[in-house]
Amino acid sequence: MHREHFETIDSTNAAAARWAADHPDGVALFTATTQTAGRGQWGRDWQSPPGGAWFSLVMRRARPDELVSLDAAKAIRDALSGWVVASRLQVKPPNDVLLDHRKVAGILCEQSVRGGDPNHTRPVTLVVGVGVNANVDTAALQGELRRPPISLQEARGATVPIDAVIERCVQTLIARLGS
């Protein structure tokens with residue numbers, strides 16, 4: 001798997017999409033300490049300060065899937081159960097993970113088919129962008145938030161290893177979505 005880490009980047013999904021355009025059969029992981037133009041569903045801003053697990057995974061799928069965002073959210077929920085009791089985590093369809101009814105993670109899935117495919121039968125390149133509030137100071141998040149945020153650190157009362165969070169999330173995504 002190709003891997004790249006950025007201290008600061010506009011968006012890991014944007015970097016992943018740029019890479020995938022030249023490597024349509026490749027698998028890659030892009031991570032960042034901060035993003036300056038992270039985005040969520042429907043083009044909403046996604047704040048990505050230091051302390052979060054910000055990453056995008058590029059993989060190939062057999063065909064487009066309308067439920068891929070929900071499946072990805074379930075995978076992230078399962079991965080985060082390594083740091084908090086699973087019963088405290090829930091998926092808010094189609095693409096959010098809540099911890100104690102507050103947002104701990106969001107997922108943005110972008111699928112592209114080379115050359116178009118009106119019948120949805122060709123393989124697709126899937127970019128799964130994930131933002132997990134691992135050790136983020138949620139009090140510093142600003143603007144209009146649709147749901148109150150929470151971090152794993154806040155819920156546990158201790159910091160979590162960001163690289164381990166990313167690794168477990170990636171393993172769980174690949175197991176659930178295939179690649």
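Helices (H or I, at least four residues) and strands (E, at least two) are DSSP runs, numbered from the N terminus. With that settled, here is the chain. There are 4 helices and 7 strands. Along the sequence, the pattern reads β-α-β-β-α-β-β-β-β-α-α.

A word on the source. This is a predicted model, where local features need pLDDT of at least 70 and side-chain atom pairs count only at pLDDT 80 or more, while totals for chains, interfaces and linings use all residues. Residues are numbered from 1 along each chain as its sequence is written, and side-chain values use heavy atoms, with hydrogens and water left out.

Whole chain next. Of the 179 residues, 47% are buried, meaning under 20% relative accessible area; exposed is over 50%, and partly exposed lies in between (1.4 Å probe, protein chains only). The accessible surface comes to about 8,700 Å², from the Shrake-Rupley method with a 1.4 Å probe, and for residues only the protein chains shown count as cover. Carbon and sulfur atoms hold 48% of that surface. Now contacts, which means heavy atoms within 4.5 Å. Take those between residues at least 6 apart in sequence: 67% join residues at least 24 apart.

On to the sheet. Two strands pair if DSSP finds at least two bridges between them.

Now S7, residues 124–132. How many of its residues are buried? The count is 9 of 9. In a regular strand the side chains alternate between the two faces of the sheet. In S7, Val-124, Leu-126, Val-128, Val-130 and Val-132 point one way. Thr-125, Val-127, Gly-129 and Gly-131 point the other way.

S7 has antiparallel partners. With S3 it pairs over 9 bridges, and Phe-55 stands opposite Val-130. With S6 (residues 102–112) it pairs over 8 bridges. There, Cys-109 has Val-128 as its bridge partner, and Gln-111 has Leu-126.

Helix H1 covers residues 12–22. Its buried residues are Thr-12, Asn-13, Ala-14, Ala-15, Ala-16, Trp-19 and Ala-20. What covers them includes S1, S2 (28–35), S3, S6 and S7. Ser-11 caps the N-terminal end of H1, with a side-chain oxygen 3.2 Å from the backbone nitrogen of Asn-13.

Last stop, Thr-12. This residue sits in H1. Is Thr-12 buried or exposed? Buried, with a relative accessible area of 3%. Not counting residues up to four places away in sequence, Thr-12 touches Phe-30, Thr-31, Ala-32, Gln-35, Trp-54, Phe-55 and Ser-56.

Notes:
Polar contact = N/O pair within 3.5 Å; in protein donor to acceptor, adjacent residues only side chain to side chain.
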